[in-house]
Amino acid sequence: MSTATGDLPALADHVDPAVVVELTQAVWASFVDAEVELLERWDVPGADELPDPVVGRVDIVGALDAVVHVALAGEAARELAARMLGLGADEVAVDDVLDATGEITNMVGGNLKAVLADDHRLGLPAVTAPGLLPGTTSGEVVAALQWGEHAVLVTVSHAEPVHLPRPTEHKDSLS
């Protein structure tokens, strides 16, 4: 299996890496690409290994505070936006890339929240700057997936306060 867990038992006890993979695959098939299956990878790349990475983030707040990141390369994020919006790749604007990445992260996080115990709430999705990429550190549940030629990295970790840059701060890195 292409997933890994860290050493924080509370999170690992509640978030099954196989479930993260299944939920992400289901969201991808429904909203991004029903023709090209999102496959598990055997290697787990670091988000910092993705070229021009775009990273969505959404918090889950409740008995088990967690943060969900979906990271993909800039080219993959543009293709994601094009597919979700029914546009050609050359028609996709930076705002479309940010919105699509945030939305796919929100859907993955929302599905994950639904399988956790009651009393969890979903925060607002955001797209983080490349400098705030999640690492593959201990304590995270990591699912590495492959969409055609693109890697998609989903991490679930304990929530931590992070200053998220305003979208305008991140647009410069995607231009």
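**Charged pairs, a strand and a helix**

Reader: Is Asp33 buried or exposed?
Author: Asp33 has a relative accessible area of 3%. The cut-offs, taken with a 1.4 Å probe on protein chains only, are under 20% for buried, over 50% for exposed, and partly exposed in between. With its 3%, Asp33 is buried.

Reader: What kind of model is this, and how are its residues numbered?
Author: Residues are numbered from 1 along each chain as its sequence is written, and side-chain values use heavy atoms, with hydrogens and water left out. Local features need pLDDT of at least 70 and side-chain atom pairs count only at pLDDT 80 or more, while totals for chains, interfaces and linings use all residues, because the model is predicted.

Reader: Which residue forms a salt bridge with Asp33?
Author: A salt bridge here is a side-chain nitrogen of Lys or Arg within 4 Å of a carboxyl oxygen of Asp or Glu. The N to O distance for this pair is 3.4 Å. The partner of Asp33 is Arg83.

Reader: How many residues apart in sequence are the parts that this pair ties together?
Author: Helices (H or I, at least four residues) and strands (E, at least two) are DSSP runs, numbered from the N terminus. Arg83 lies in helix 3 (residues 74-85), while Asp33 sits in the loop between helix 2 (17-31) and strand 2 (38-40). The pair therefore ties together parts whose separation in sequence is 50 residues.

Reader: Which residues belong to the salt-bridge network?
Author: Glu79 also forms a salt bridge with Arg83, at 3.6 Å between the closest N and O atoms. Because Glu79 and Arg83 are four residues apart in helix 3, about one helical turn separates them. Salt bridges with shared partners make one network of Asp33, Glu79 and Arg83.

Reader: What is the distance between the closest N and O atoms of Asp59 and Arg57?
Author: Arg57 is buried at 4% relative accessible area, whereas Asp59 is partly exposed at 26%. Their salt bridge has its closest N and O atoms at 2.9 Å.

Reader: Which residue of strand 4 is the bridge partner of Arg57?
Author: Two strands pair if DSSP finds at least two bridges between them. Strand 3 (residues 54-61) and strand 4 run antiparallel and are joined by seven bridges. They form a hairpin with four residues between them. The bridge partner of Arg57 is His69.

Reader: How many residues of strand 4 are buried?
Author: Ala66, Val68, Val70 and Leu72 point one way, Val67, His69 and Ala71 the other way, and all are buried. In a regular strand, side chains alternate between the two faces of the sheet. Strand 4 (residues 66-72) is largely enclosed by the rest of the structure, because its buried residues number seven of the seven.

Reader: What do the buried residues of helix 3 pack against?
Author: The buried residues of helix 3 are Gly74, Ala76, Ala77, Leu80, Ala81 and Ala82. Contact means heavy atoms within 4.5 Å. These buried residues pack against helix 2, strand 3, strand 4, helix 4 (94-115), strand 7 (141-147) and strand 8.
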